[in-house]
Amino acid sequence: MFESLSGKLGEVFERLRKRGALTESDVSEALREVRVALLEADVALPVVKSFIDGVKAKAVGQEVLRSVTPGQMVIKIVHDHLVEMLGGAGEGEEINLNAVPPVPVLMVGLQGSGKTTSTAKIALRLQTKERKKVLMASLDVYRPAAQDQLRILGEQNNIPVLPIVAGQMPVDIAKRALQAAKLGGYDVLLLDTAGRLHIDETLMLEVAAVRDAVQPHETLLVADALTGQDAVNVAKSFNERVGVTGIVLTRVDGDGRGGAALSMRAVTGKPIKLIGVGEKADALENFHPERIAQRILGMGDIVSLVEKAAETIEKEEAERLAARVQKGQFDLDDMASQLKQLRKMGGMSGVMNLLPGVGKIKQQMAQANVDETVLKRQEAIIGSMTKDERKNPKVIHASRKKRIAAGSGTSVQDVNKLLKQHMQMADMMKRMSKLGQKGFMRSMGAMLPGMPGMPKL
């Protein structure tokens with residue numbers, strides 16, 4: 001989502017880094033470009049003004065301009081202010097469940113913002129990661145099949161859902177859900193309220209009535225990141241009328257400009273607690289201001305990458321591969337395993353977004369029309385090989401290549417590309433087995449552009 005903003009800020013900071021010394025006019029010119037980049041990203045004007053004023057006050061000081069690396073100092077000041085704008089340093093705020101169970105959590109927002117899907121995602125997260133007993137209830141009696149949608153999501157993810165009673169109104173459903181949660185010994189009650197296409201008095205009165213009936217410990221506003229500046233206005237209205245304790249930002253994996261995320265915390269004073277990064281039920285992440293700031297400034301987010309790897313990579317498989325790499329072994333089964341793990345982590349783009357300084361590579365990927373289907377095609381090619389062919393690729397001659405291409409729905413050229421990439425990776429693995437830890441890391445960095453689907457530098 002922050003790709004465009006990150007690219008523009010990267011260009012500005014690259015010019016600052018190249019200059020040995022900076023004058024006040026150099027900094028002012030750079031901050032003008034930063035201001036334009038933020039406005040183009042749909043960040044609210046008052047937020048941009050406050051941000052630029054705060055950065056400039058520190059960036060033009062003599063301590064910065066006369067330092068050994070003034071460009072880096074300015075970038076650090078921008079980074080620190082960006083973190084502050086997003087919510088401050090330290091770990092992101094999580095859903096507060098510090099109350100007598102069942103803890104009522106009210107989900108509010110406009111229709112189409114992803115409330116129902118986010119409700120199920122949060123329930124699954126609380127159930128699997130925090131071992132909470134969660135009950136979901138749909139209060140949306142207006143949108144056709146809204147209650148059925150939540151029921152189906154509950155069945156798919158093994159999350160209990162309050163049974164539907166035809167004709168019952170939202171406040172009554174909320175009271176029944178709270179009673180059922182108490183009797184059932186649940187830890188958390190998630191209430192999915194109805195939305196509207198726009199903010200109106202009826203919507204606000206209904207949400208306020210539900211709030212008064214169940215006294216929620218958390219009221220989470222679900223906002224679509226792709227709606228840009230309007231999402232900020234929605235957040236402001238809900239906060240003033242209902243009282244919001246946190247924000248869940250959906251479709252952060254989309255191509256929105258990022259202004260909503262950058263503005264919401266500053267405009268409402270309420271933290272963004274969670275972000276939706278995909279359609280799957282587990283595609284939900286905590287919002288960490290510092291990590292997001294690092295992504296925007298092209299510094300990467302290695303901590304999130306490591307966490308994602310720990311969640312998705314199978315320990316036994318990783319240990320097996322590590323043992324084989326130490327022996328300099330790497331066959332096509334190993335390559336298929338790596339492709340599978342890469343797709344679990346969000347594919348090439350998901351990993352690339354968390355790596356520092358990969359703007360150039362990402363541009364080359366776009367120019368080469370490299371997409372995530374490359375990984376699936378390569379998995380299909382390997383899947384069309386026999387066990388012996390995967391263990392010993394040297395036996396794959398012309399007629400076998402034709403058979404493999406036909407079986408995987410690809411071309412002989414695609415098969416040749418994969419075999420060449422495997423050979424390069426296998427050679428790299430052999431070299432890694434002879435290196436120490438530092439050499440291993442250097443080789444990994446050198447291998448990145450040669451990974452499946454990656455263009456050569």
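Here are some notes on a helix pair and a sheet in this predicted model.

1. Ground rules. Local features in this predicted model need pLDDT of at least 70, side-chain atom pairs count only at pLDDT 80 or more, and totals for chains, interfaces and linings use all residues. Residues are numbered from 1 along each chain as its sequence is written, and side-chain values use heavy atoms, with hydrogens and water left out.

2. The helix pair. Helix α2 (residues 24–40) and helix α3 (residues 45–59) have axes that come within 10 Å and cross at roughly 160 degrees. That makes α2 roughly antiparallel to α3 (angles over 145 degrees count as such). Axes here are lines fitted to C-alpha atoms, for helices over the stretch in contact, with angles from 0 to 180 degrees between N-to-C directions. Helices are DSSP runs of H or I with at least four residues, strands are E runs of at least two, and both are numbered from the N terminus.

3. What touches what. On the α2 side, the residues meeting α3 include Val-27, Leu-31 and Leu-38, and on the α3 side they include Val-48, Phe-51 and Ile-52 (contact means heavy atoms within 4.5 Å). By class, this α2 contact with α3 has eleven nonpolar, one polar and two charged residues. Ala, Val, Leu, Ile, Met, Phe, Trp, Tyr, Cys and Pro count as nonpolar, Asp, Glu, Lys and Arg as charged, and the others, Gly among them, as polar.

4. The sheet. Seven strands make an open sheet with mixed pairing, in the order β2-β3-β1-β4-β5-β6-β7; two strands pair if DSSP finds at least two bridges between them. The edges are β2 (134–138) and β7 (284–286), each with a single partner strand, so one side of each has no neighbour in the sheet. On average, neighbouring strands are turned by 25 degrees against each other, direction ignored.

5. Around β4. Strand β4 (residues 218–224) pairs with β1 (residues 103–108) in the parallel sense over four bridges, and Val-108 has Leu-221 of β4 as its bridge partner. Five bridges join β4 to β5 (residues 246–250), again running parallel, with Ala-223 partnered by Leu-249 in β5.

6. Is β4 buried or exposed? Seven of its seven residues are buried (under 20% relative accessible area, 1.4 Å probe, protein chains only). One face has Glu-218, Leu-220, Val-222 and Asp-224, the other Thr-219, Leu-221 and Ala-223. Helix α10 (residues 229–241) lies across β1 and β4, at about 160 degrees to β4.

Definitions and conventions
Parallel < 35°, antiparallel > 145°, perpendicular 65-115°, else oblique. Buried < 20%, exposed > 50% of the residue type's maximum accessible area, 1.4 Å probe, protein only.
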